[in-house]
Amino acid sequence: MAAAMRPGQAGSVAVIGRSVTSSDTPNSYTVAVIGGTGPQGKGLGYRFARHGHDIILGSRAAEKAETVAAEVTERLAEVAGAGTARGAANADAIAAADVVLLAVPYDGHDDLVAALAADGALDGKTVISCVNPLAFDKRGAHGQVIDAGEGSAAESAARIAPEATVVGAFHNVAAPALWGEDEFLDEDVIVVGDSAEGKQVAIDLAASVTGRPGVDGGKLRLARVLEPFTAVLISINRKYKTHSGIRVTGLDH
Ligand SMILES: NC(=O)c1ccc[n+]([C@@H]2O[C@H](COP(=O)([O-])OP(=O)(O)OC[C@H]3O[C@@H](n4cnc5c(N)ncnc54)[C@H](OP(=O)(O)O)[C@@H]3O)[C@@H](O)[C@H]2O)c1
């Protein structure tokens, strides 16, 4: 089990990680959640903090973030071993964290990431994107075409902030379930990225959400598959009145 305790060993994750529970989460992180006042950022931040990570909910307005952080803190009050939650302006949140979660709408995404990355603020940090470039019309949800089909929101972030380690994860986890009462969600988090160490961070954090490590889904370009796939889940949710997720079979867990 000792091998599971060190970051950067994505090659062994599928073998050693399957039975890991929240209390075994190998590393503790401080996570800045950009868009932390929205349902996805708040929900993921809550789950991370519930399992011992410290979160800083970021916002364009610090006061708004502090209000939401107080709401999260209230929910954490009875949770033994919980981490802390506080709010801050986006830039201050990033400065105080090694891990940054992008949980903002795709509209304006590139400009926002460029602003966040100014003066090297994202350099050396692990940036996890759960951003889904979706569109809706009378036939329902569908994925937007990014860079003529040769890109994704996560790849755009990596291009705009080249000194950050960008990974994609948590695209297919529904916000209402994150804020719900279940201890863990019965689904998997698929993590994509070009850096094994970066992926390991998201793989670790996923255990806070599902009770087991995230699944290494390959290179960052596969965010082109994960991001629009959420449109399928939205269609399923509408049809079956649920909050569906993805479960990967064939793994040893
Ligand atoms: N909701 C879900 O179930 C779900 C599931 C999977 C993935 N996602 C993805 O997660 C991301 C966030 O989803 P969400 O539903 O939480 O979104 P949201 O509520 O629309 O936005 C989240 C937060 O982003 C900030 N924001 C909005 N527009 C911005 C802009 N132009 N520039 C900078 N910040 C802006 C706002 O915070 P401030 O006003 O406080 O700055 C807002 O509270 C999206 O990309 C979505 O596709 C969502």
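This is a predicted model: local features need pLDDT of at least 70, side-chain atom pairs count only at pLDDT 80 or more; totals for chains, interfaces and linings use all residues.
The protein chain has 253 residues, and 46% of them count as buried. Its secondary structure comes to nine helices and 10 strands. Among contacts between residues at least 6 apart, 75% join residues at least 24 apart.

Eight strands form an open sheet. Their order is β3-β2-β1-β4-β5-β8-β9-β10, and the pairing is mixed. Strands β3 (85-89) and β10 (215-218) are the edges, each pairing on one side only. Neighbouring strands of the sheet are turned by 30° against each other on average, direction ignored.

Strand β1 (residues 30-34) pairs with β4 (residues 99-102) in the parallel sense, over four bridges. Within that pairing, Ala32 has Val100 of β4 as its bridge partner. Strand β1 also pairs with β2, again in the parallel sense, over five bridges. Here Val31 stands opposite Ile55 in β2. Strand β2 in turn pairs with β3, in the parallel sense and over five bridges. The bridge partner of Leu57 in β3 is Gly87. Five of the six residues of β2 are buried, so this strand is largely enclosed by the rest of the structure.

Strand β1, helix α2 and strand β2 make a right-handed β-α-β unit. A right-handed β-α-β unit is also made by β2, α3 and β3. Helix α2 (residues 39-50) lies across β1, β2 (54-59), β3 and β4. Its direction runs at about 165° to β2. Helix α3 (residues 62-76) packs on the sheet and touches β2 and β3. The direction of α3 makes about 175° with that of β3.

Two further helices pack against each other. Helix α5 (residues 109-116) meets α6 at an angle of about 35°, with the axes 9 Å apart. The crossing is right-handed. On the α5 side, the contact is made by His109, Asp110, Val113 and Ala114. On the α6 side, Ala153, Ser156, Ala157 and Ile160 take part. An α-helix has 3.6 residues a turn, so residues three or four places apart point the same way.

Helix α8 (residues 196-210) has 15 residues. It reaches 20 Å from its first C-alpha to its last, close to the 21 Å expected at 1.5 Å a residue. This helix is mostly covered, with 13 of its 15 residues buried. Just after α8, Gly211 takes a positive phi of about 85°.

Leu205 lies in α8. Leu205 counts as buried because it has 28 C-beta neighbours inside 10 Å, where 20 or more are required. Residues up to four places away in sequence aside, Leu205 touches Tyr29, Phe48 and His53. Leu205 and Asn27 are 178 residues apart in sequence, yet 8.6 Å apart in space, C-alpha to C-alpha.

Helix α9 (residues 223-240) has 18 residues. Its reach from first C-alpha to last is 26 Å, close to the 26 Å expected at 1.5 Å a residue. The buried residues in α9 are Ala223, Arg224, Leu226, Glu227, Pro228, Thr230 and Leu233. Their cover includes strands β6 (134-137), β7 (140-143), β8 (165-168) and β9 (190-193), together with helix α6 (153-160). Lys241 follows α9 and has a positive phi, near 50°.

Asp119 sits in the loop between α5 and β5 (126-129). Ala148 sits in the loop between β7 and α6.

Notes
Residues are numbered from 1 along each chain as its sequence is written. Helices (H or I, at least four residues) and strands (E, at least two) are DSSP runs, numbered from the N terminus. The expected span of a helix is 1.5 Å times one less than its number of residues. A residue is buried if 20 or more other C-beta atoms lie within 10 Å of its own, exposed if 12 or fewer, and partly exposed in between; C-beta atoms are placed from the backbone. Two residues are in contact if their C-beta atoms, placed from the backbone, lie within 7 Å. Two strands pair if DSSP finds at least two bridges between them. Axes are lines fitted to C-alpha atoms, for helices over the stretch in contact, and angles run from 0 to 180 degrees between N-to-C directions. A crossover is right-handed if, with the strands pointing away from the viewer, the path from the first strand over the helix to the second runs clockwise. A crossing is left-handed if the near helix is turned anticlockwise from the far one by less than a right angle, and right-handed if clockwise.
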